[in-house]
Amino acid sequence: MTSICIITGSTLGGAEYVADHINDILTKQGIEVTLFNQAQLSDIKGRSHLIVVTSTHGAGELPENIQPLFTDLANSSTDLSPMKFGIIGLGSSDYDTFCNAVNIAEEALKAKGAIQVCESLRIDVVNNFDHDATAEEWLPSFITNL
């Protein structure tokens with residue numbers, strides 16, 4: 001049975017809502033899911049499948065609740081080469097740092113050997129008002145590549 005870990009980076013809760021929806025969809029498909037809204041490095045170590053759902057905060061940064069995880073990851077010798085991952089990002093195209101947190105997470109995970117299995121989803125909250133449905137449409141591209 002496939003097991004997927006979902007972690008969120010959220011400031012106002014939008015990414016958490018999307019993660020909860022993805023969690024529900026995967027669970028209904030019989031997939032074991034673990035969801036962390038305040039993930040630590042120990043929560044993702046040893047995982048084989050990871051979905052990061054994050055908004056972009058401030059000047060193109062990761063939200064505060066996920067920054068410690070990525071700081072710890074960068075400062076560790078953790079090998080994530082067995083891990084396959086995908087990322088869902090939420091951001092506003094009104095900013096030139098649109099979904100930059102996605103770029104940060106991609107680079108950090110790849111730097112530790114994790115394998116990105118599909119293109120990251122970048123949801124523009126200015127033009128897209130159904131984040132859950134958009135994430136649900138992206139999900140098969142992740143699942144089929146595991």
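User: How many bridges join β3 to β4, and in which sense do the two strands run?

Analyst: Strands here are DSSP runs of E with at least two residues, and helices are runs of H or I with at least four, both numbered from the N terminus; two strands pair if DSSP finds at least two bridges between them. In this structure, β3 and β4 run parallel and are joined by 7 bridges, with Thr54 standing opposite Gly89 in β4. β3 also pairs with β1 in the parallel sense, over 5 bridges, and there Val52 of β3 is the bridge partner of Ile7. Please keep in mind that this is a predicted model, in which local features need pLDDT of at least 70 and side-chain atom pairs count only at pLDDT 80 or more, whereas totals for chains, interfaces and linings use all residues. Residues are numbered from 1 along each chain as its sequence is written, and side-chain values use heavy atoms, leaving out hydrogens and water.

User: Are the residues of β3 buried or exposed?

Analyst: A residue is called buried under 20% relative accessible area, exposed over 50%, and partly exposed in between, using a 1.4 Å probe and protein chains only. For β3, 7 of its 7 residues are buried: His49, Ile51, Val53 and Ser55 point one way, while Leu50, Val52 and Thr54 point the other way.

User: How should I read a helix, and which residues of α4 are buried?

Analyst: An α-helix has 3.6 residues a turn, so residues three or four places apart point the same way. In α4, the buried residues are Ala101, Val102, Ala105, Glu106, Ala108 and Leu109. They pack against β3, α3, β4, β5 and β6, where contact means heavy atoms within 4.5 Å.

User: Where does α5 bend?

Analyst: The bend at a residue is the angle between axes fitted to the seven residues ending there and the seven starting there. In α5, which covers residues 131–143, the bend is about 25° at Glu137, and Pro140 follows within four residues. The buried residues of this helix include Trp138 and Phe142.

User: Which residues does the side chain of Asn65 reach through polar atoms?

Analyst: A polar contact is a pair of N or O atoms within 3.5 Å; within protein, one must be able to donate a hydrogen and the other to accept it, and residues adjacent in sequence count only if both atoms are side-chain atoms. Asn65 lies in the loop between β3 and α3 and is buried, with a relative accessible area of 11%. Its side chain reaches the backbone nitrogen of Ser10 at 2.8 Å, and one of its polar atoms lies 3.3 Å from the backbone oxygen of Thr8.

Note on methods:
The expected span of a helix is 1.5 Å times one less than its number of residues.
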